[in-house]
Amino acid sequence: KIRPHLFCNETITSALIAVLKRDSQNSFKGRNNPTVHVLACNLLARGYSDKKQWPESLIRTYVEDAINDRVWVDYEECAPFTDQCVAAFGSKIPPKWMLQPELSTLNPTSRENPIIDDEHSTDSGMFGDALGKDPDANPPRFAHIQETVEKLVVEAAKDQLNRRQAPDCSTRNFLKFLSLACGIPEVRALAIPRLELWIHNGKLMKPAQELLTFICYNVT
């Protein structure tokens, strides 16, 4: 807290990123102790809190975990770091009631009733700490490399689609990532042709429906 600048030099940043990447490929999320990841995220967020421009390596680290096993990106305690990365996608986050079509169908007044909305709200953990937050509340940390960020996200999405060409090979984590990244037009263009197949897949139906909601919310 006293000397946050100590955590934004290149050597320390590389070490903290290595900590975040360490368990991404050889551990299951449920078996991980999140303390180390939470600490690394918060040290990075605090170290760069006064920096208007964050390095590409930070958002690349976020994308690698968010599109694969989501070992740490969904922890609420990591939000000071992950919120900044999500904001770089320029996605508008729909209100919770839009992510529960069955409730809206049964009770149309639920849209105006915040008590019902909170009581029956969708699992916000699915999107980390993003639901209910205004993405514009975070200053643009990656505006200086916006084209690079968009290219990184699109290439990562294409790589996943190429490696998992069959619709039933896509994962819930991948669809969660697409939802939060659908502020990028190319991401929406990649997702839309595959939505029907994903929605008809029993394992992917819920995240696919939520992806559809995110897409609609971001084109209006």
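The structure is a predicted model, in which local features need pLDDT of at least 70, side-chain atom pairs count only at pLDDT 80 or more, and totals for chains, interfaces and linings use all residues. Residues are numbered from 1 along each chain as its sequence is written, and side-chain values use heavy atoms, with hydrogens and water left out. The chain holds 11 helices and 0 strands; helices (H or I, at least four residues) and strands (E, at least two) are DSSP runs, numbered from the N terminus.

**The chain as a whole**

- Of the 220 residues in the chain, 45% are buried, where buried means under 20% relative accessible area, exposed over 50%, and partly exposed in between (1.4 Å probe, protein chains only).
- The chain exposes about 11800 Å², and carbon and sulfur atoms supply 53% of that area; accessible areas come from the Shrake-Rupley method with a 1.4 Å probe, and for residues only the protein chains shown count as cover.
- Among contacts (heavy atoms within 4.5 Å) between residues at least 6 apart in sequence, 74% join residues at least 24 apart.

- The buried residues of α8 are Asn173, Phe174, Leu175, Lys176, Phe177, Leu178, Ser179, Leu180 and Ala181.
- These residues pack against α3 (56-66), α4 (79-87), α7 (146-163), α9 (185-191), α10 (195-199) and α11 (205-218).
- The largest nonpolar core has 56 residues, and Phe89 and Trp198 touch the most other members; such a core is a set of buried Ala, Val, Leu, Ile, Met, Phe, Trp, Tyr and Cys residues joined through side-chain atoms within 4.5 Å.
- Helix α7 gives the most to this core, with 7 residues.

- In α3, the buried residues are Leu58, Ile59, Thr61, Tyr62, Val63, Asp65 and Ala66.
- Their cover includes α1 (10-22), α2 (35-47), α4, α7 and α8.
- The axes of α3 and α4 come within 10 Å and cross at roughly 95°; axes are lines fitted to C-alpha atoms, for helices over the stretch in contact, and angles run from 0 to 180 degrees between N-to-C directions.
- The two helices α3 and α4 are therefore roughly perpendicular to each other, since angles under 35 degrees count as roughly parallel, over 145 as roughly antiparallel, 65 to 115 as roughly perpendicular and the rest as oblique.
- Leu58, Ile59 and Tyr62 of α3 make the contact with Phe81, Thr82, Cys85 and Val86 of α4.
- The residues of this contact divide into 6 nonpolar, 1 polar and no charged; Ala, Val, Leu, Ile, Met, Phe, Trp, Tyr, Cys and Pro count as nonpolar, Asp, Glu, Lys and Arg as charged, and the others, Gly among them, as polar.

**Selected residues**

- Arg70 lies in the loop between α3 and α4 and is buried, with a relative accessible area of 2%.
- The phi of Arg70 is near 50°, a positive value in a residue other than glycine.
- Most residues other than glycine have a negative phi.
- Lys203, in the loop between α10 and α11, counts as exposed at 70% relative accessibility.
- Lys203 and Thr171 are 32 residues apart along the chain, and their C-alpha atoms are separated by 8.6 Å.
- Lys206 lies in helix α11 and counts as partly exposed at 40% relative accessibility.
- Lys206 and Arg172 are 34 residues apart in sequence and 8.8 Å apart in space, C-alpha to C-alpha.
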